[in-house]
Amino acid sequence: MTFKWRGKPLFVRHRTEKEMAAEEGVNLAELRDPQHDQDRVVNPRWIIVLGVCTHLGCVPIANAGEFGGYCCPCHGSYYDASGRIRKGATPLNPEVPFYEFTEEDVVIVG
């Protein structure tokens, strides 16, 4: 799902067991902006990131691209299901805002 939060798109994605396992197993040495998946999530089932490309501020397309996460077609940037940059012009991973789960299925962002 994409929500508007503080004037920006917010991507909230429920991940499958397969996606969680794949993102946990990524070799950090392969990443331009190395961050372990566990450092980008509060609950591994959910990834919550600002939907803003860190290259020129475009809005990537969710559930697209060769890494199964997001794709910014403007300049060919591809992100994985942890929101980490994997290929393209983007220098940094999209921001993970502060969020917390108040219940198992209720999250507060900000």
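1. Which backbone nitrogen does the side chain of Ser 77 reach? In this predicted model, the side chain of Ser 77 comes to 3.4 Å from the backbone nitrogen of Ala 89. A polar contact also links the Ser 77 side chain to that of Thr 90, at 2.6 Å.

2. Ser 77 lies in strand 6. Is Ser 77 buried or exposed? Its relative accessible area is 1%, and buried means under 20%, so Ser 77 counts as buried.

3. Ser 77 has a list of contacts beyond the four places on either side of it in sequence. The list includes Cys 53, then Tyr 70, Cys 71 and Cys 72, and also Ile 85 and Lys 87. Gly 88, Ala 89 and Thr 90 are on it as well.

4. In general, strands of a sheet are held in pairs by backbone hydrogen bonds, in parallel or antiparallel fashion.

5. How many bridges join strand 6 to strand 7? There are 2, and the two strands run antiparallel, with strand 6 covering residues 77–80. Across from Tyr 78 stands Lys 87, a residue of strand 7.

6. The largest nonpolar core has 16 residues. Those touching the most other members are Leu 10, Ile 47, Ile 48, Cys 53, Tyr 70, Cys 72 and Tyr 79. Two or more core residues come from each of strand 2 (8–14), strand 3 (46–50) and strand 5 (68–72). Strand 3 gives the largest share, 4 residues. As a general point, nonpolar side chains in soluble globular proteins tend to be buried together.

7. Leaving out residues up to four places away in sequence, Ile 48 touches Leu 10, Phe 11 and Val 12, together with Val 96, Pro 97, Tyr 99 and Val 107.

8. Pro 9 is in strand 2. With a relative accessible area of 18%, Pro 9 is buried. Pro 9 and Val 59 are 50 residues apart in sequence, yet their C-alpha atoms are 7.5 Å apart in space. Beyond four places in sequence, Pro 9 touches Thr 2, Phe 3, Val 49, Leu 50, Gly 51, Val 52 and Val 59.

Notes: Residues numbered from 1 in each chain as written. Predicted model: local features only at pLDDT ≥ 70, side-chain atom pairs only at ≥ 80, totals over all residues. Heavy atoms only, no water. Pairing = 2+ DSSP bridges. Buried < 20%, exposed > 50% of the residue type's maximum accessible area, 1.4 Å probe, protein only. Polar contact = N/O pair within 3.5 Å; in protein donor to acceptor, adjacent residues only side chain to side chain. Contact = heavy atoms within 4.5 Å. Core = buried A, V, L, I, M, F, W, Y, C linked by side-chain atoms within 4.5 Å.
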